[in-house]
Amino acid sequence: MAKQTTLPFKGTPEQEKLLREKLQQLKGQKGALMPALQAAQEIYEYLPREVQIIVAEEIGVPLSEVYGVATFYSQFSLVPKGKFKVAVCLGTACYVKGAGDVIAEIEKQLGIPTGGITADGKFSLDATRCIGCCGLAPVLTVNDDVYGKVVPADVEGILAKYN
């Protein structure tokens, strides 16, 4: 089942205009749905229902098809991401070194599940697969900042840097 959010959609008229312009360029092209969704996510950073409806209308495909593609591919998100995107690697090396405990502590500290976003939109939390820092396992990132050899006791201090 696709993740849901309680945060209201905050798209701007400028974003909608840009999306509709990009979609007009794709209209009628075979296989336009993937590039349309990629363009939409680039503009909005996620694909809420309101954006999926625009995509369906502009390129002439059923909304159910747009939703099906958006939920099938992991590159697409139906929920917004926070200002600070926290990601914990759950690749093999990180997992065996305790990443599960680290992600559980982050969930506790932020009060959100993996895949969620805080009510204020400040933090989002995701699990990732190997990010290529196996020697630093377990690893977490906050936007472009990388933290290695993280233990649950480190989480509070790391998150405090972004408050």
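I started at glutamate 105, which contacts Pro152 and Val155 once neighbours within four places in sequence are left aside; contact here means heavy atoms within 4.5 Å. I noted that this is a predicted model, where local features need pLDDT of at least 70, side-chain atom pairs count only at pLDDT 80 or more, and totals for chains, interfaces and linings use all residues. Residues are numbered from 1 along each chain as its sequence is written, and side-chain values use heavy atoms, with hydrogens and water left out.

**Glutamate 105**

I placed glutamate 105 in helix α6. Helices are DSSP runs of H or I with at least four residues, strands are E runs of at least two, and both are numbered from the N terminus. Is glutamate 105 buried or exposed? Its relative accessible area is 18%, so glutamate 105 is buried. My cut-offs: buried is under 20% relative accessible area, exposed is over 50%, and partly exposed lies in between, with a 1.4 Å probe and protein chains only.

**Whole chain**

I counted the secondary structure next: 7 helices and 4 strands. Along the sequence the pattern reads α-α-α-α-β-α-α-β-β-β-α. The C-alpha trace spans about 50 × 30 × 25 Å along its principal axes. Of the 163 residues, 42% are buried. I also looked at contacts between residues at least 6 apart in sequence; 62% of these join residues at least 24 apart.

**Cores**

I looked for nonpolar cores, meaning sets of buried Ala, Val, Leu, Ile, Met, Phe, Trp, Tyr and Cys residues joined through side-chain atoms within 4.5 Å. The largest has 24 residues, and Val86, Val88, Ile106, Leu140 and Val142 have the most contacts inside it. Which elements give two or more residues to this core? They are β1 (84-89), α6 (99-110), β2 (123-128), β3 (140-142) and α7 (155-160). Helix α6 gives the most, with 5 residues.

I followed leucine 140 in detail. Not counting residues up to four places away in sequence, leucine 140 touches Val86, Ala87, Val88, Val102, Ile106, Asp145, Val146, Tyr147, Val150 and Ile158. I then found a second, separate core of 22 residues, which includes Leu33, Ile43, Val51 and Ile54.

**Helix α3 and its packing on α1**

I turned to helices α1 (residues 13-26) and α3 (residues 49-59). They pack at an angle of about 35°, with their axes 9 Å apart. The axes are lines fitted to C-alpha atoms, for helices over the stretch in contact, and angles run from 0 to 180 degrees between N-to-C directions. Which residues meet? Glu16, Leu19, Arg20, Leu23 and Gln24 in α1 meet Val51, Ile54, Val55, Glu57, Glu58 and Ile59 in α3. I sorted this contact by class and got 6 nonpolar, 1 polar and 4 charged residues. For the classes, Ala, Val, Leu, Ile, Met, Phe, Trp, Tyr, Cys and Pro count as nonpolar, Asp, Glu, Lys and Arg as charged, and the others, Gly among them, as polar.

I checked two further residues of this helix. Glutamine 52 sits in α3 and is buried, with a relative accessible area of 6%. Beyond residues up to four places away in sequence, glutamine 52 touches Leu47, Leu63, Val66, Tyr67 and Leu78. Isoleucine 53 is also in α3. At 28% relative accessibility, isoleucine 53 counts as partly exposed.

**Aromatic pairs**

I counted 4 aromatic pairs. Rings of Phe, Tyr and Trp (its six-membered ring) pair if their centres lie within 6.5 Å; planes under 30 degrees apart are stacked, over 60 edge-to-face, and the rest tilted. Phenylalanine 9 and tyrosine 44 form a tilted pair, 5.7 Å centre to centre with 40° between the planes. This pair links distant parts of the chain: phenylalanine 9 is in the segment before α1, tyrosine 44 in helix α2 (residues 33-44), 35 residues apart. Phenylalanine 9 is partly exposed at 30% relative accessibility, whereas tyrosine 44 is buried at 8%.

Why is the pair of phenylalanine 72 and tyrosine 73 edge-to-face? Their planes stand at 85°, with the ring centres 4.9 Å apart, so the pair gets that label. Phenylalanine 72 is exposed at 63%, and tyrosine 73 is partly exposed at 36%. Last, I noted that ring pairs link Phe84, Phe123 and Tyr162 into a cluster.
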